[in-house]
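Here is my notebook, opened for anyone meeting this structure for the first time. I jotted the entries down as I looked things up.

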Amino acid sequence: MGRGLLKVLLVDAKGLAGNDFLGKLDPYVMVQFPAGSTERKSSTAEDEGRNPSWNQVFKFQITSTAPNVQHKLVFRIMDHDSFSGDDFLGQATINVTDLISIGMEKGKSELNTAKYRVVTADNSYHGEIKVAITFTAATKVEEEDGGQVGGWMLMPN
C-alpha cells in the first residue's frame, strides 16, 4: 500500500455507556493501528463521566507494501478503575484504507474532525467519539521535516 505517517487526533466522546458505582467514569482510549497490533493509550479523563475530552495526537508509522490490505483504526474506550479491572465502555472502528491510498497519490490526505458511533459489548450503539485523521506519504513527511534526500537538505517552504 505505501509508507508514511498516520496522525490521529482524539478529540472527545459524548454519551458513553457505563456506570461506576463508586463515582464518575474515568475514561481513556486504547488506539490500535493496524487493528490488533500497535497500540497507544490516551490520558485518563478523570471524573469526566460520559462526556470526556482528550485532545491528544497519536502517530503511527506505516510501512505496508502489501496491496489490497484493509487498514483499520480501532478505538477501545475503557473506564479506569483503581480497585478492580478496567471496564470496557465500547469501541469504534474506522477504515482508513482509502485515506492512505489517496495520500499515496496526492502526498497527503485527511479526514476532518468527525463523529463515529461507539459500539458497546452487547453490540448496541451508545455514544460517539470524535476524531480527525491525516495521512502523509513518506516522501512528503521527509520534505516537511527538512529531511535529507540523496545528500541534499530539503528546506520547508
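I began with Pro 34, which I found in the loop between strand E2 (27-32) and strand E3 (39-41). I took helices (H or I, at least four residues) and strands (E, at least two) as DSSP runs, numbered from the N terminus. A cis peptide bond, with omega about -15°, joins Phe 33 to Pro 34. Most peptide bonds are trans, and most residues other than glycine have a negative phi.

A note on what I am reading: this is a predicted model, where local features need pLDDT of at least 70 and side-chain atom pairs count only at pLDDT 80 or more, while totals for chains, interfaces and linings use all residues. Residues are numbered from 1 along each chain as its sequence is written, and side-chain values use heavy atoms, with hydrogens and water left out.

Next I looked up positive phi values. Asp 47, in the loop between E3 and E4, has a phi near 55°. Asn 55 sits in strand E4 and has a positive phi of about 50°, though it is not a glycine. Asn 55 counts as exposed, at 52% relative accessibility. (Buried means under 20% relative accessible area, exposed over 50%, partly exposed in between, with a 1.4 Å probe and protein chains only.)

Then I turned to helix H1. Which residues of H1 (residues 97-106) are buried? I noted Thr 97, Leu 99, Ile 100 and Gly 103. They lie on the same side of H1, because they cover an arc of only 165° around the axis, taken from the directions from the helix axis to the C-beta atoms. On the other side, Asp 98, Glu 105 and Lys 106 are exposed. Gly 107 follows H1 and has a positive phi, near 95°.

My last search was for salt bridges (a side-chain nitrogen of Lys or Arg within 4 Å of a carboxyl oxygen of Asp or Glu). The count comes to four. Asp 12 meets Lys 14 at 3.6 Å, N to O, and Lys 130 at 3.9 Å. Asp 12 is in strand E1 and Lys 130 in strand E8, so this pair ties together parts 118 residues apart in sequence. I wrote down Asp 12, Lys 14 and Lys 130 as a network of salt bridges. Asp 12 is buried, at 9% relative accessibility, whereas Lys 14 is partly exposed, at 38%.
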